[in-house]
Amino acid sequence: APAGDIKTESGELRTADGVPILISININDAAEIDELDPATAGVGLMRSEFSVTSIADAANEERQLAIYRRVLEQAGDKPVIIRMLDIGGDKPLAGLEDLPALEPGLRGIRLLLARPEIARVQARALLRAAVFGKLSVMLPMVTFPDEVDRMRELFREEAEKLGRRALQHRMPPIGMMVEVPSAALMLDTFGSAAFFSFGTNDLTQYLAASTRDGNEADAGKAAPAVLRLIEQAVKLAGGKPVSICGDMAGDPRYLPGLLAAGLRHFSVAPARRPAIRSAMVGLNADGTRAAGE
Ligand code: PEP
Ligand code: MG
């Protein structure tokens with residue numbers, strides 16, 4: 001290949017002043033993994049609730065294992081972050097109709113800890129899938145550090161059970177979404193999280209009392225506050241890997257602000273990737289435009 005293509009083929013991208021930038025993709029359906037081209041760093045977010053949509057799916061360890069395995073094998077040596085089920089609130093799970101009655105706001109990791117039978121099946125499927133690729137597991141809607149501790153303990157217990165059954169498995173790094181404002185403010189207290197990824201969709205909603213799929217104008221008005229919160233939180237991450245997988249990451253308008261906040265790893269919908277790659281051209285790592293660009 002001509003020398004000019006090397007950048008694209010290795011997936012390496014740098015700011016105008018030479019700082020490496022990673023662009024990963026978000027996938028919903030497992031089949032989207034086929035859009036992982038060589039220039040992509042990996043999968044920064046797989047939303048498992050799009051593959052596990054009913055209580056029957058949630059109870060089916062072998063089916064989940066097959067789905068996660070296919071994604072990991074297709075990704076090869078590229079890292080894949082699979083997020084545990086983010087259900088509750090406005091995200092239903094067919095067959096779990098008593099949800100709103102349980103408690104409004106019972107969503108993501110809180111729901112998984114309240115319904116550990118669901119979490120245990122998914123943990124086993126993920127532990128077993130981890131053997132087939134470079135898997136990390138991400139926890140949704142984390143608010144307090146003990147939620148991460150409790151989920152890690154649940155993974156340890158399930159790993160032990162798999163060991164007793166002589167089933168191949170591997171403990172993946174376990175990190176968390178940063179999408180609840182209080183967690184972002186207190187990020188230095190999440191000692192047991194292996195990595196962080198900013199979810200600006202929920203972060204915006206909960207920070208600005210807006211609706212999740214609210215109007216563009218409100219999201220735009222809330223953006224400076226979200227960017228300031230992210231900038232503070234990045235400083236509290238203690239050198240752990242940090243990325244962003246919310247919709248802001250795929251919007252070129254916010255790229256300078258996100259770079260200035262210290263972000264170097266962007267995970268975006270596959271269709272947004274070319275726009276972000278080209279928006280990166282001419283930008284320094286601090287978000288300013290390089291001279292002559
Ligand atoms: C987010 O909240 O920004 C996010 C990436 O998670 P989801 O869109 O699945 O809620
Ligand atoms: Mg979210």
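Visitor: Among contacts in the protein chain between residues at least 6 apart in sequence, what percentage join residues at least 24 apart?
Guide: This is a predicted model. Two residues are in contact here if their C-beta atoms lie within 7 Å. Among the contacts between residues at least 6 apart in sequence, the share that joins residues at least 24 apart is 68%.

Visitor: How many helices and how many strands does the protein chain have, and what is its radius of gyration?
Guide: The secondary structure of the protein chain comprises 12 helices and nine strands. For 293 residues the globule rule gives 19 Å, and the chain comes close to that value, so it is as compact as a globular protein of that length. The radius of gyration of the protein chain is 19 Å.

Visitor: Does P241 count as buried, exposed or partly exposed, and which is the term?
Guide: P241 lies in the loop between α10 (216-235) and β8 (242-244). A residue is buried with 20 or more other C-beta atoms within 10 Å of its own, and exposed with 12 or fewer. Because P241 has 17 C-beta neighbours inside 10 Å, the term is partly exposed.

Visitor: What distance separates the C-alpha atoms of P241 and F195?
Guide: Along the chain, P241 and F195 are 46 residues apart.

Visitor: Which helix gives the largest share of the shell around ligand 1?
Guide: The residues surrounding ligand 1 include T200, N201 and D202. By class, the shell has one nonpolar, four polar and four charged residues. The largest share of this shell, three residues, comes from helix α9 (residues 200-208).

Note on methods: Residues are numbered from 1 along each chain as its sequence is written. Chains are lettered from A and ligands numbered from 1 in the order in which they are written. This is a predicted model: local features need pLDDT of at least 70, side-chain atom pairs count only at pLDDT 80 or more; totals for chains, interfaces and linings use all residues. A residue is near a molecule or strand if its C-beta atom, placed from the backbone, lies within 6 Å of it. Helices (H or I, at least four residues) and strands (E, at least two) are DSSP runs, numbered from the N terminus. Ala, Val, Leu, Ile, Met, Phe, Trp, Tyr, Cys and Pro count as nonpolar, Asp, Glu, Lys and Arg as charged, and the others, Gly among them, as polar. The radius of gyration is taken over C-alpha atoms; the globule rule is 2.2 Å times the number of residues to the power 0.38.
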